[in-house]
2 protein chains.
Amino acid sequence: MKIALAQINQTVGDFQKNVEKICLFINRARDQNVNLIVFPELAVTGYPPKDFLDNPSFVDGNLKALEKIASSVSGISAIVGFVDKNKRPQGKLVHNAAAFIQDKKIVSVSHKSLLPTYDVFDECRYFEPAHAISTVKFMGYTLGISICEDIWNDEEFWMRPLYEKDPIEDLISKGADVIINISSSPFAVGKHDKIRLRMLIHDAIKYKVPFVYVNQVGGNDDLVFDGNSTVINSEGKLIAQAAAFEEDLMVVDIENPTIQAQPKAHTHIESVHKALIMGLRDYVTKCCFKKVIVGLSGGIDSAVTAALAVESLGRDNVIGILMPSQFSSRGSIDDAVKLAQNVGITYKVIPIKDIFETYQHTLKQEFKGRPFDIAEENLQARIRGNILMALSNKYGYLVLTTGNKSELAVGYCTLYGDMSGGLALISDVPKTMVYELARYINREGEIIPQNSIDKPPSAELKPNQFDQDILPPYDILDGILKAYVEDAKSISEIISMGFDEKIVREIIKKVNRNEYKRRQAAPGIKVTSKAFGSGRRMPIAHNYMC
Amino acid sequence: MKIALAQINQTVGDFQKNVEKICLFINRARDQNVNLIVFPELAVTGYPPKDFLDNPSFVDGNLKALEKIASSVSGISAIVGFVDKNKRPQGKLVHNAAAFIQDKKIVSVSHKSLLPTYDVFDECRYFEPAHAISTVKFMGYTLGISICEDIWNDEEFWMRPLYEKDPIEDLISKGADVIINISSSPFAVGKHDKIRLRMLIHDAIKYKVPFVYVNQVGGNDDLVFDGNSTVINSEGKLIAQAAAFEEDLMVVDIENPTIQAQPKAHTHIESVHKALIMGLRDYVTKCCFKKVIVGLSGGIDSAVTAALAVESLGRDNVIGILMPSQFSSRGSIDDAVKLAQNVGITYKVIPIKDIFETYQHTLKQEFKGRPFDIAEENLQARIRGNILMALSNKYGYLVLTTGNKSELAVGYCTLYGDMSGGLALISDVPKTMVYELARYINREGEIIPQNSIDKPPSAELKPNQFDQDILPPYDILDGILKAYVEDAKSISEIISMGFDEKIVREIIKKVNRNEYKRRQAAPGIKVTSKAFGSGRRMPIAHNYMC
């Protein structure tokens with residue numbers, strides 16, 4: 001039995017193009033004499049369709065699209081993820097489903113049993129779980145068809161399973177001798193090698209059956225799907241792995257599997273780099289933009305953002321804007337110009353001094369007798385935000401914001417200022433990882449100006465201002481933030497890791513107090529195990545101080 | 001048996017104050033010889049605690065608070081909503097629970113069975129459902145203790161029940177002769193009288209037992225809880241109803257219930273009015289602000305927002321800012337001044353002309369040869385946003401944005417401009433309802449200037465600009481938006497309601513295309529059955545056009 005793993009990049013709700021892509025991959029697989037082609041979870045709708053699922057005409061559109069796909073399936077069989085209607089008189093209206101298609105007919109449908117409802121996942125919001133599980137006979141095999149989370153509940157692999165049932169155990173007990181899993185499993189750094197692969201290998205060894213794992217690829221809003229579709233044989237050997245962060249059609253003969261050459265494993269920083277580039281490209285494309293505009297401060301964050309944008313979209317599609325003020329050092333301007341020259345983008349210089357002075361003049365009466373403070377600092381950031389948005393409005397550019405995760409965590413950023421824009425590319429990248437990215441980008445020569453890497457970080461919104469005037473050094477800050485935000489550790493646990501109590505309390509207070517800024521932040525690309533945004537839902541009005 | 005319904009307003013995570021409030025109400029009830037006092041769902045933590053529930057030290061803090069409460073319960077019994085730990089080796093870590101406390105001891109704990117996971121609710125994200133249901137014996141009664149959603153699944157009352165189980169049926173079959181329900185059920189216009197009350201009456205008649213329904217009151221972020229706690233006797237008669245939108249301690253003798261005087265029923269517009277005032281007050285207070293600042297344009301939206309703010313916070317805590325440009329009509333300035341005088345607030349005039357001209361001068365090179373367009377229009381709105389934020393930063397005011405739901409739906413608003421602020425007070429109020437509110441506010445005399453109500457709405461960002469240049473009349477727009485956003489109707493269904501096809505398609509396209517703006521909007525107060533924000537989760541990057 002030759003199986004093709006169709007690792008495709010779909011657009012949510014674009015039924016016409018999604019069907020075309022699926023049919024194209026079916027034709028390509030048929031040309032290679034494939035018996036069964038397998039597409040990812042919700043391949044028909046794109047994942048995640050979110051509240052479009054509450055819209056009955058969206059569900060109907062997806063069913064029509066599935067019919068169209070079915071009519072093109074001959075000389076090959078196919079497993080396709082789609083949204084099925086729940087035919088029972090109670091419960092949620094739809095199932096997350098996999099159609100098994102043969103000879104132009106949908107011969108069986110499998111429903112997802114385990115519905116992830118944590119972090120970025122909301123599947124209990126939409127889907128009714130499977131009420132029955134059954135296997136599918138095909139070419140002498142008994143296929144156990146499962147959907148994403150269904151393979152993520154092995155009681156031996158996990159310290160604490162999230163669900164009572166284990167659909168894989170159930171499929172095996174019903175005679176499944178090949179487990180097929182269709183997924184839309186988002187990227188987080190280390191997730192594929194440290195968790196997914198280990199889990200698939202563990203399960204294959206446990207049940208002595210091959211696992212065929214087909215994952216979506218591509219970016220959808222804040223989520224990036226890394227692909228990395230995988231076949232594990234019944235001895236737990238990795239037989240084949242598809243590309244990371246690219247579409248792929250990988251064919252494996254289940255009877256005579258030869259261990260295929262593996263794509264080179266990515267280091268963590270390589271995978272973050274690829275994730276950001278793909279996430280940006282897909283966000284820009286799927287939102288129908290072409291060009292992006294970035295404010296260049298001379299600092300490392302905007303330099304890394306612009307360099308990533310150039311790798312993602314090409315130098316002709318990235319515009320850099322320098323907006324110096326009276327507080328900008330000569331060095332900063334030089335660093336920004338150097339970055340623009342290194343990556344070869346058009347850049348323009350638009351000083352903000354006149355506008356800033358006019359604001360101060362207009363507000364003279366209101367500000368009289370008050371010292372220069374956060375109001376004036378934020379004004380400068382907001383003027384820059386306005387200029388970028390004005391150019392966006394005039395020319396149809398997408399504004400990229402340049403803030404990192406550490407700043408966003410503690411609120412060291414200006415709402416409607418440097419937070420203005422359509423995508424916050426590195427807003428899930430902690431500052432220490434921004435440095436790693438910069439060094440990685442410079443691996444074959446200077447792209448990020450060395451001075452942007454070496455100099456002490458500064459917002460340059462008043463004379464002699466440095467980040468570390470009010471924040472602890474970034475390695476300490478990021479250590480505390482990872483413990484609190486990603487690992488949900490308590491204050492006492494974090495202190496017992498060796499951090500200073502006063503600093504820990506201050507930082508956590510800042511994190512909790514600045515939810516209001518994050519609520520109005522642009523979406524960012526999730527690369528860590530816990531990003532701000534859709535996966536972290538905190539109240540704004542509260543009085544919890546740990 | 002004398003029961004007290006303790007309808008209280010808690011703050012999320014403020015364990016100390018929440019415990020104090022609960023103990024205070026226990027003492028007040030004891031003074032009235034009450035046998036059993038009942039508090040709302042999650043009274044210990046406040047509702048909704050959201051992802052604080054993923055934080056083990058938050059859960060521990062809540063358990064310690066419950067112990068403190070228990071130690072004060074003597075001479076009376078109490079039912080208190082709290083977060084319980086799940087003691088099983090799998091599943092979510094916590095239960096949504098009710099403690100039954102007697103003689104300083106927690107004698108039994110009931111877990112919530114049905115976990116709402118739709119609209120603004122995310123309970124499957126956090127909670128493990130009840131694994132067993134049992135009743136509690138008290139003073140010769142068999143109490144059936146249920147939590148919020150547990151009463152919302154009667155198969156006769158609902159066309160399509162959401163869940164397979166009905167915990168009330170289960171409690172009755174176990175002998176319950178009084179059903180107690182502790183809730184945190186958010187307000188939406190018409191929900192209490194049209195759904196909740198009808199449902200409670202239906203169930204009481206069906207099972208021939210009294211229902212004691214205790215609802216939280218108060219605002220938490222976007223949600224407002226209306227209270228309206230209710231006792232229905234075993235014949236389905238409404239015996240007593242607590243205040244709407246206020247804390248209350250209502251005592252009812254279950255043996256000898258006398259039908260208490262009902263609070264005057266609110267019209268829909270009265271209830272929206274009250275909800276907005278309470279929602280604003282609680283948001284401001286719970287976020288530790290005192291004063292708010294509002295940009296006054298002379299239009300109806302900012303006038304209604306300012307008038308509501310004055311009713312909510314007092315005239316001394318509201319500041320109005322007029323920011324006229326060269327496109328502002330004399331009439332608009334007069335209307336804004338009149339509003340400020342009518343409500344008696346301090347107002348200031350800060351013209352934006354100089355700043356706008358300086359921006360245009362600074363961007364002259366970039367804008368050369370291009371017509372005046374949305375870029376210049378948005379700039380004006382952003383200058384105004386910056387001025388309000390500068391005053392907010394300088395003086396610690398909370399900025400209220402003034403946009404309505406109709407604008408937000410179609411993107412007729414400026415990101416980082418009129419959308420700048422901490423709370424979007426009327427962002428779930430459709431424009432037609434803004435007019436209703438204005439007339440209601442003027443019920444005893446002019447507060448909202450009649451001219452602001454009568455004149456054709458205009459953004460005044462260019463000469464002779466009117467909303468209806470690019471939008472259909474608001475009654476038509478709001479009809480289409482209600483059908484699409486609130487009722488999830490398809491295009492063809494909306495057309496068959498009598499709306500013009502071209503307009504319907506244009507409007508829905510605008511709604512779908514402007515998700516990116518709403519993603520960065522300030523939270524608003526939910527008053528309709530479907531608000532933008534946490535209850536409506538749409539992808540930004542998609543290509544679904546119905």
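# A walk through a predicted two-chain model

Helix α2 (residues 56–70) of chain B lies across β3, β4 and β5 of chain B and runs at about 165° to β3(B). Here helices (H or I, at least four residues) and strands (E, at least two) are DSSP runs, numbered from the N terminus. Axes are lines fitted to C-alpha atoms, for helices over the stretch in contact, and angles run from 0 to 180 degrees between N-to-C directions. Two residues are in contact if their C-beta atoms, placed from the backbone, lie within 7 Å. This is a predicted model, in which local features need pLDDT of at least 70 and side-chain atom pairs count only at pLDDT 80 or more, while totals for chains, interfaces and linings use all residues. Residues are numbered from 1 along each chain as its sequence is written, and chains are lettered from A and ligands numbered from 1 in the order in which they are written.

The strands under discussion belong to an open sheet of six strands in chain B, with the order β5-β4-β3-β2-β1-β14 and mixed pairing. Two strands pair if DSSP finds at least two bridges between them. At the edges are β5 (105–111) and β14 (248–253) of chain B, each of which pairs on one side only. On average, neighbouring strands of this sheet are turned by 30° against each other, direction ignored. Within the sheet, strand β3 (residues 77–85) and strand β4 (residues 94–102) of chain B pair in the antiparallel sense over eight bridges. Lys85(B) has Val94(B) in β4(B) as its bridge partner.

Chain B also contains strand β7 (residues 141–147), which pairs with β8(B) in the parallel sense over five bridges. Leu143(B) has Val178(B) in β8(B) as its bridge partner. Strand β8 (residues 178–183) of chain B is mostly covered, with six of its six residues buried. A residue is buried if 20 or more other C-beta atoms lie within 10 Å of its own, exposed if 12 or fewer, and partly exposed in between, with C-beta atoms placed from the backbone. Val178(B), Ile180(B) and Ile182(B) point one way from β8(B), while Ile179(B), Asn181(B) and Ser183(B) point the other way, and all are buried.

In chain A, strand β8 (residues 178–183) pairs with β9(A) in the parallel sense over five bridges. Ile180(A) stands opposite Val212(A) in β9(A). Five of the five residues of strand β9 (residues 211–215) of chain A are buried, so this strand is largely enclosed by the rest of the structure. From β9(A), Phe211(A), Tyr213(A) and Asn215(A) point one way and Val212(A) and Val214(A) the other way.

Two charged residues can be followed in turn. Glu123(B) is in helix α3 (residues 123–126) of chain B and is buried, with 22 other C-beta atoms within 10 Å. Leaving out residues up to four places away in sequence, Glu123(B) touches Asn96(B), Leu115(B), Pro116(B) and Thr117(B). Asp282(A) lies in helix α6 of chain A and counts as buried, with 23 C-beta neighbours inside 10 Å. With residues up to four places away in sequence again left out, Asp282(A) touches Gly218(A), Gly219(A) and Asn220(A).

Chain A as a whole has 18 helices and 19 strands. Its radius of gyration is 25 Å, close to the 24 Å that the globule rule gives for 546 residues, so chain A is as compact as a globular protein of that length. The radius of gyration is taken over C-alpha atoms, and the globule rule is 2.2 Å times the number of residues to the power 0.38. Buried residues make up 58% of the 546 residues in chain A.

How do the two chains meet? The contact takes 76 residues from chain A and 75 residues from chain B. On the side of chain A that touches chain B, α11(A) gives the most, with 13 residues. By class, that side has 37 nonpolar, 21 polar and 18 charged residues. Ala, Val, Leu, Ile, Met, Phe, Trp, Tyr, Cys and Pro count as nonpolar, Asp, Glu, Lys and Arg as charged, and the others, Gly among them, as polar. Of the interface residues of chain A, 99% are also interface residues in chain B, so the copies meet through the same surface.

A rotation of 180° with 0.0 Å of shift along its axis superposes chain A on chain B (RMSD 0.0 Å). That is the relation of a two-fold axis. Copies are superposed by least squares on the C-alpha atoms of residues with pLDDT of at least 70 in both. In chain A, the C-alpha nearest the axis is that of Gln520(A), 2.1 Å from it.
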